[in-house]
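Trainee: I have a new model open and would like to go through it with you. Could we take it question by question?

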Amino acid sequence: MRGGFKVGDNVSWNSEAGRVSGVIRRKITAPMKFKGYTVRASKETPQYMIESDKTDHVAVHKGTALRKLRRRATGARSG
């Protein structure tokens, strides 16, 4: 996605278990350690920390691995 993603976006990505969806919790723009791995992110090539919708699993992915999803309706609107 050109222009990138933002915190709160609903996204999906491919995993060993199939297509997974979740919410972006953090945009990473500098190298950092995550679960024993070095995330090689920068301002030019950010990566995203995502929390799975179905589990408490947190993953980090490049923007090229993500697909933005439409927001899901959460009940009736008030007002």
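Trainee: What percentage of the residues of the chain count as buried?
Mentor: Happy to start there, and do keep in mind that this is a predicted model. The chain has 79 residues. A residue is called buried when its relative accessible area is under 20%. By that cut-off the share of buried residues is 34%.

Trainee: How many strands does the chain have?
Mentor: Reading along the sequence gives the pattern β-β-β-β-β-β-β. There are zero helices, and the number of strands is seven.

Trainee: Which residue of β6 is the bridge partner of Met-49?
Mentor: Let's look at how β5 and β6 come together. A hairpin of five residues joins β5 to β6, and the two strands pair in the antiparallel sense over five bridges. Glu-51 has Val-58 in β6 as its bridge partner. For Met-49, the bridge partner is Val-60.

Trainee: Is Thr-55 buried, partly exposed or exposed?
Mentor: Thr-55 sits in the loop between β5 (47-52) and β6 (58-62). Buried needs a value under 20% and exposed one over 50%. The relative accessibility of Thr-55 is 45%, so Thr-55 counts as partly exposed.

Trainee: With which side chain does the side chain of Ser-21 make a polar contact?
Mentor: Ser-21 is placed in strand β2 (residues 18-28). Its relative accessibility is 17%, so Ser-21 counts as buried. The polar contact of the Ser-21 side chain spans 2.8 Å, and the partner is the side chain of Asp-53.

Trainee: Which backbone nitrogen does the side chain of Asp-9 reach?
Mentor: Asp-9 lies in the segment before β1 (10-15), and at 4% relative accessibility Asp-9 counts as buried. Leaving aside neighbours within four places in sequence, Asp-9 is in contact with Gly-22, Val-23, Ile-24, Lys-68 and Arg-71. For Val-23, 14 residues away along the chain, the C-alpha separation from Asp-9 is 5.7 Å. The backbone nitrogen reached by the Asp-9 side chain, at 2.9 Å, is that of Lys-6.

Trainee: Which strands each supply at least two residues of the lining of the second largest pocket?
Mentor: This pocket has a volume of about 210 Å³. Its lining includes Trp-13, Asn-14, Ala-59, Val-60 and His-61, and Thr-55 and His-57 are also among the lining residues. The strands that each supply at least two lining residues are β1 and β6.

Trainee: How many residues in the lining of the second largest pocket are charged?
Mentor: Glu-16 is one of the lining residues, and Glu belongs to the charged class. By class, the lining has five nonpolar and six polar residues, and the number of charged residues is one.

Methods: Residues are numbered from 1 along each chain as its sequence is written. This is a predicted model: local features need pLDDT of at least 70, side-chain atom pairs count only at pLDDT 80 or more; totals for chains, interfaces and linings use all residues. Side-chain values use heavy atoms; hydrogens and water are left out. Helices (H or I, at least four residues) and strands (E, at least two) are DSSP runs, numbered from the N terminus. Buried means under 20% relative accessible area, exposed over 50%, partly exposed in between (1.4 Å probe, protein chains only). Two strands pair if DSSP finds at least two bridges between them. A polar contact is a pair of N or O atoms within 3.5 Å; within protein, one must be able to donate a hydrogen and the other to accept it, and residues adjacent in sequence count only if both atoms are side-chain atoms. Contact means heavy atoms within 4.5 Å. On a 1 Å grid over the protein atoms alone, a cavity is a set of points where a 1.4 Å probe fits but cannot get out, and a pocket is an open set with protein on both sides within 12 Å along at least five of seven lines; lining residues have an atom within 4 Å of a point. Grid points are joined across faces, edges and corners, and a volume is the space filled by probe spheres set on the points.
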